[in-house]
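Hi,

Here is the structure I promised to pass along. Have a look at it first, and then read on for what turned up.

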Amino acid sequence: MRSRADSNCCGSFCRALPNRSATEPLWSGKNSIFGLISLTTTSFMQQIAESELIINKRGAIYHLDLRPEELAGTIITVGDPDRVHTVSKHLDRVEIKTQHREFVTHTGYISKKKISVVSTGIGTDNIDIVLNELDALANIDFETRSIKKDFTRLDIIRIGTAGSLQSSIPVDSFVVSTHGLGIDNLLNFYRHEQNEEEKQLLHSFVTLTQLHNRFSYPYINSASASLIKHFVEGYHQGITVTCPGFYGPQGRILRLGLSNPNLIDRLTQFSFGNHRIANFEMETAGIYGLGKILGHHCLSISAIVANRITKQFSKDGNATVEKLIEKTLGIVCGL
């Protein structure tokens, strides 16, 4: 489905923010985009096969059903397809609407700020699709099927829901993820590196939880420094653990017993210097991991709808999400 539509909502969210600092050169140094792209087997001039980059009859990438010109450089991701409209109703106008399976995209403007709102569905398996296809839209020439020489960096901000793992982070509050710690295995299928702090933090986490003995080896990546600095006032901060499921992997018991019944206690107890685990959900680590490898700026922000320590659940999670959307858009449109 593809249509054009306008929204009559006002663009009252915009406010001035400090200028973002200049980034490092893209094509030099061991952390350069050239170095990141070189992790793939595809050269700039090599044509990507039709089986690897699937483009439909209207020239759009397969799952997202988007053409490159239909994507903004600033992207809000949400899990629930219905939440795309909840976000896009705040735009001054919506110019593009697409939908394919659970992937819904609205692209429009708040004032002069172009924004795309994209639903991912649940889980890092879907994040693998969305992050790779967003990057392809920005950095692959669909006509020649080759990587563009000039790299385009995207700002990708997740607005989602999560469960708190600290009694001091109550329901209906907001958490900004300083790190995404994955126990889901997605990033282990890609060649990736972690900095020294991330390696030490991960070693401490594995030592405490022993998750690597029966499950996949965890991975961790930090949020974009250039984005997270704008999301401080009114937000809790902490590590977000990304799980491969909602029930057993998050310690819920219905009719099945758990192989790791002490997982929540260990997550809550974990600390490394000033870092602690604030919450868990099912997408953040995949976004941070793939975003880092691909060279994009990523940030994950969660509305806390459940506190797994105090056993409380939000009485109006939709209202909490709406407040988070309004607060976040007010910052995003000034970036």
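L64 touches T98, F103, V118, V130, E133, L134 and L137, leaving aside residues up to four places away in sequence. Please keep in mind that this is a predicted model. L64 also stands out in the largest nonpolar core: of its 58 residues, L64 and L299 touch the most other members. Helix 3 (residues 124-139) gives the most to this core, contributing seven residues. Another core, of 18 residues, lies apart from it, and I183, L202, F205 and L263 are among its members. As general background, nonpolar side chains tend to be buried together in soluble globular proteins.

Now to the rings. Searching the whole structure gives four aromatic pairs. In one of them, F174 and Y235 have ring centres 6.2 Å apart and planes at 45°, so the pair counts as tilted. F174 belongs to strand 9 (residues 174-182), while Y235 sits in the loop between helix 5 (225-228) and strand 11 (236-242), so this pair ties together parts that are 61 residues apart in sequence. Y235 also pairs with F231, this time edge-to-face, at 5.8 Å centre to centre and with 70° between the planes.

One last item for your viewer: R252 lies over the face of F246, 3.8 Å from the ring centre.

Best wishes

Conventions: Residues are numbered from 1 along each chain as its sequence is written. This is a predicted model: local features need pLDDT of at least 70, side-chain atom pairs count only at pLDDT 80 or more; totals for chains, interfaces and linings use all residues. Side-chain values use heavy atoms; hydrogens and water are left out. A nonpolar core is a set of buried Ala, Val, Leu, Ile, Met, Phe, Trp, Tyr and Cys residues joined through side-chain atoms within 4.5 Å. Buried means under 20% relative accessible area, exposed over 50%, partly exposed in between (1.4 Å probe, protein chains only). Helices (H or I, at least four residues) and strands (E, at least two) are DSSP runs, numbered from the N terminus. Contact means heavy atoms within 4.5 Å. Rings of Phe, Tyr and Trp (its six-membered ring) pair if their centres lie within 6.5 Å; planes under 30 degrees apart count as stacked, over 60 as edge-to-face and the rest as tilted. A charge sits over a ring if NZ of Lys or CZ of Arg is within 6 Å of the ring centre and within 35 degrees of the ring normal.
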